[in-house]
Amino acid sequence: MKKAELVFVPTPAAGHCISAIEFAKRLIHTDDRFSVTILQMRSLLNPHSDIYNKSLLASETRLHFIDLPPIDHPPPHDLFLKSTEHYILLFIESYIPHVKDAITHLISSRSSPDSVPLAGLVLDFFCLPMIDVANQLGLPSYLYFTSGAGFLGLMLSLPTRHSQIGTEFEDSDPDLGLPSFVNPVPVRVLPEAVSNKHGGYAAYIKVAQRFREARGIIVNTFSELEPYAVESFADGQTPPVYTVGPVLDLGGQAHSGSDRVDHSKIMEWLDAQPESSVVFLCFGSMGTFDAPQVREIALGLERSGHRFLWALRLLRLDGKLRGSSDGTELSEILPEGFLDGIGERGMICGWAPQMEVLAHKAIGGFVSHCGWNSILESIWNSVPMATWPMYAEQQLNAFGLVKELGLAVEMRVDYRLRGGEVVIAEEIDGAIRCVMEHDSMVRKKVKEMGEMSRRAVMEGGSSSNSLGRLIADIIPID
Ligand SMILES: O=c1ccn([C@@H]2O[C@H](COP(=O)(O)OP(=O)(O)O[C@H]3O[C@H](CO)[C@@H](O)[C@H](O)[C@H]3O)[C@@H](O)[C@H]2O)c(=O)[nH]1
């Protein structure tokens, strides 16, 4: 039997890395000819990855991890504050020599005729400059895209616009006609990077220019969710696109590190709540708020009168709470009497077992930052969302959910607003009421889409078939 080993290079941040690992698991569980080696850079933002990886090593015999040596000169931290995307790209590019060494070593260790040959690289989108390494070593490269097809369409369109216009987007630019969206897309919902003059735009262009060099693009979506976008890729220029999603950490294993808050307490509290009565607020692996915004959320929750579970993280990446001193107690930030007043009506935690929470019958709505994994998890569990995008492509995802798909209620948030503006309690209250009480159409659509998402990955479903086509491309039938 012909076997094949793939080398995955994920961006070392939770939203990317865990998705890539889950896809690797999907691949090896679907076809026992595959094994996967994952090259790991030092984690940018996910200190818990080690715990997860160790547990996987014990259970997945065809999944291997190689820790790349640390880089000598990481980019200066102030670049991160000017443009996260620029920083991440520089960080990843510094790893190229280590990636090349690791793969060269893997190839030379398989020189005997009965060893499993390397069949290609699977790269995260920030890792696309590593296509050069693959080319030098004579290996094909696939892109594993951890976000949706709508955003993929934007990335594919950037090189053409860049060759014609050559500069960053401006807020005054007219709405954009993107093949991956039915409606014209306002520039204000594009990722901040495309307007960023401190390296963010240049980083996006650099990466976007490599997309069409991939042998195939694997996307964590399913064709029933974004049919318009998926069809737009059949343009004769885009490499084959394989929609393989939802790829999810269904067991919630990846996010259950031992130092997380007491998950069983959260689940016990949910068990005691009536069906569909709790609104869940959670903002991804990196979403944090400053003190004034935390207060407004608390006031919004109070006004709405709904039961809530709020995954609240105060600390920023620099370890400090903006507008407050380090180590500020929650009770000093929240409105007076809030913690005493909520009684059994609400629960605040630092990190929630999101997948498990969304699957719980007590959850009636989800206020989400619209990270792509959160969106898929919400759809999978048929939970309607209220959108609160924060950074990266989340505003575009929110636009897609609300305007194109009708799967979410819009909260008016302009994440580009800087300088102390907050989303006020009235807006938060309104969105919570809308998602919990009024929008039966959204609820119905999410339920239908949730069912479709589960069918997509079953045998004969669209994503399962697409994965089959990908496998046939990697190991062609003789
Ligand atoms: O308290 C928490 C917070 C998060 N999660 C999990 O963490 C993951 C978060 O992923 P995602 O929703 O995609 O958010 P980010 O971590 O912010 O993901 C990054 O990567 C995504 C995929 O590329 C992008 O869509 C986002 O914009 C980008 O910020 C999900 O699986 C959640 O279930 C928890 O389990 N508990």
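Reply: **Domain interface and ligand shell**

Domain 1 and domain 2 bury about 2,500 Å² between them, 64% of it from carbon and sulfur atoms (buried area is the accessible area, with a 1.4 Å probe, that two parts lose on being put together, summed over both). Of the area that domain 1 buries against domain 2, V189, F222 and L225 supply 22%, more than any other three residues. The model is predicted: local features need pLDDT of at least 70 and side-chain atom pairs pLDDT 80 or more, while totals for chains, interfaces and linings use all residues. Numbering starts from 1 along each chain as its sequence is written, and side-chain values use heavy atoms, without hydrogens or water.

The bounds, from an automatic or database assignment, are 4-245 + 457-474 for domain 1 and 261-453 for domain 2. Their C-alpha centres lie 28 Å apart. Contact (heavy atoms within 4.5 Å) links 32 residues of domain 1 with 25 of domain 2.

Each domain also gives at least three residues to the ligand shell. That shell has 22 residues, with S285, A352, S374, E377 and E393 coming nearest; a shell residue has a heavy atom within 4 Å of the ligand. The share from α15, four residues, is the largest.

Ligand oxygen atoms lie 2.5 Å from a side-chain N or O atom of S374, 2.7 Å from a polar side-chain atom of T146 and 2.9 Å from one of H369. Taken alone, the ligand exposes 690 Å², and the protein buries 96% of that (Shrake-Rupley method, 1.4 Å probe).

Conventions: A polar contact is a pair of N or O atoms within 3.5 Å; within protein, one must be able to donate a hydrogen and the other to accept it, and residues adjacent in sequence count only if both atoms are side-chain atoms. Helices (H or I, at least four residues) and strands (E, at least two) are DSSP runs, numbered from the N terminus.
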